Amino acid sequence: MNAVTETVLKDKSAEKTAYENNKLHKRLCRLVGQAIGDFNMIEDGDKVMVCLSGGKDSYALLDILMTLRERAPIHFDIVAVNLDQKQPNFPADILPAYLTELGVAFHIENQDTYSIVKRLIPEGKTTCSLCSRLRRGILYRVADELGANKIALGHHRDDILETFFLNMFFGGKLKGMPAKLVSDDGKHMVIRPLAYVKEEDTERYAQVKGFPIIPCDLCGSQENLQRKQIKAMLRDWEKKHPGRVESVFSSLSTVIPSHLMDRNLFGFTDLKTDGVPNPLGDIAFDEEPCGTPATVPGVIALQPE
């Protein structure tokens, strides 16, 4: 291969990479914008506090929100907030330097929650629950102090699915992680603009953008978390059964209370026949959602093919 040919191939490779990276950025902007619109997450005049952990997802969230802010027909402010939990070897200079260069308003909150968690949680036990509660209370207070009426978290589609299965497998509840909710104290609106975004996209976007990732010495050091088991299950499904994970995620926004068993959600005890056909109802005696072939002599198809 001569030098000219090698140069041409490198140029084509660089063009293809740039094209794919631009396509990824457009997809993230589209999905985040769609989630914001679907759930009315951000309105004119909002001040959005973006919680920045130093991980790939929160970096991606801040980056995409800043892009959308420039394009949006409404005005909203962004302030990035990091909670420095005083973990050993935490590089405290990285985020301030990055955010200063980015030109975004930011606040670093210093609270030694690490020592509290390590003191109260026995060695070998998961720290997530206590750490999350402590962090949540601090961030609510900071939102008040900064005058932020929206708190944006970097949870993506995979986080939402993992939470759904964690609650079902280990908590006995059909409960997920909503894209928008009122906080525990009833005073703050929490939003998850990455709700439609796949984790693999935030992973690749972090590589493309070169975000200065900061690992968590609490969460990242725990190998036997139930969430990791669920994550492995979902990735195995995605590999062996393409489309299954997407279908499960779609089901979270297509709920039919009359076909579950929550008596508080649907009035089963007061249910009466009214003689009116229900086109949305299932065929009562079908065990599987499949149609009976209409070509079989003497058999009437119960479901359209």
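This is a walk through the structure above, from the whole chain down to single residues. The model is predicted, so local features need pLDDT of at least 70 and side-chain atom pairs count only at pLDDT 80 or more, while totals for chains, interfaces and linings use all residues. Residues are numbered from 1 along each chain as its sequence is written, and side-chain values use heavy atoms, with hydrogens and water left out.

Let's begin with the overall picture. The chain has nine helices and six strands; these are DSSP runs numbered from the N terminus, with H or I over at least four residues for helices and E over at least two for strands. Of the 305 residues in the chain, 34% are buried, where buried means under 20% relative accessible area, exposed means over 50%, and partly exposed lies in between (1.4 Å probe, protein chains only).

Now follow the chain into its first strands. In the loop between helix 1 (3-38) and strand 1 sits Asn 40. Phi of Asn 40 is near 50 degrees, a positive value in a residue other than glycine. For background, most residues other than glycine have a negative phi. Asn 40 counts as partly exposed because its relative accessibility is 38%.

Strand 1 (residues 47-51) runs parallel to strand 2, and five bridges join the two; strands are taken to pair if DSSP finds at least two bridges between them. Within this pairing, Met 49 has Val 79 of strand 2 as its bridge partner. Four of the five residues of strand 1 are buried. Strand 2 (residues 77-84) has seven of its eight residues buried, so the rest of the structure largely encloses it.

Helix 2 (residues 56-71) is mostly covered too, with 13 of its 16 residues buried. From first C-alpha to last, helix 2 reaches 23 Å, close to the 22 Å expected at 1.5 Å a residue; that expected span is 1.5 Å times one less than the number of residues.

Next, take a look at Thr 113 in helix 4 (residues 113-120). Thr 113 counts as buried because its relative accessible area is 2%. Leaving aside residues up to four places away in sequence, Thr 113 touches Gln 85, Leu 134 and Ile 138. Thr 113 and Gln 87 are 26 residues apart in sequence, and their C-alpha atoms are 8.4 Å apart in space.

Charged side chains come next. Those of opposite charge can pair when their charged atoms come close. The structure holds 19 salt bridges, each defined by a side-chain nitrogen of Lys or Arg within 4 Å of a carboxyl oxygen of Asp or Glu. One of them joins Arg 141 to Glu 145, with the closest N and O atoms 2.9 Å apart. Both residues lie in helix 5 (residues 128-146), four residues apart, about one turn of the helix. Arg 141 is partly exposed at 31% relative accessibility, whereas Glu 145 is exposed at 53%. Arg 157 and Asp 158 also meet in a salt bridge, at 3.8 Å from N to O, and both are buried.

A further salt bridge links Glu 199 with Arg 235, the closest N and O atoms being 3.4 Å apart. Glu 199 lies in helix 7 (residues 199-209) and Arg 235 in helix 8 (residues 226-240), so the pair ties together parts that are 36 residues apart in sequence. Glu 199 is buried, at 8% relative accessible area, while Arg 235 is partly exposed, at 45%. Both belong to a network of salt bridges whose members include Lys 56, Asp 57 and Glu 162.

Finally, consider the surface. Met 168, Phe 169, Phe 170, Leu 174, Val 255, Leu 260 and Leu 265 form a nonpolar patch there, with about 650 Å² of accessible area together. Patches are made of residues with over 30% relative accessible area and no salt bridge, joining like charges within 9 Å and nonpolar side chains (Val, Leu, Ile, Met, Phe, Trp, Tyr) within 5 Å. Met 168 is in helix 6 (residues 157-171) and is partly exposed, with a relative accessible area of 32%.

Conventions
Contact means heavy atoms within 4.5 Å. Accessible areas come from the Shrake-Rupley method with a 1.4 Å probe; for residues, only the protein chains shown count as cover.
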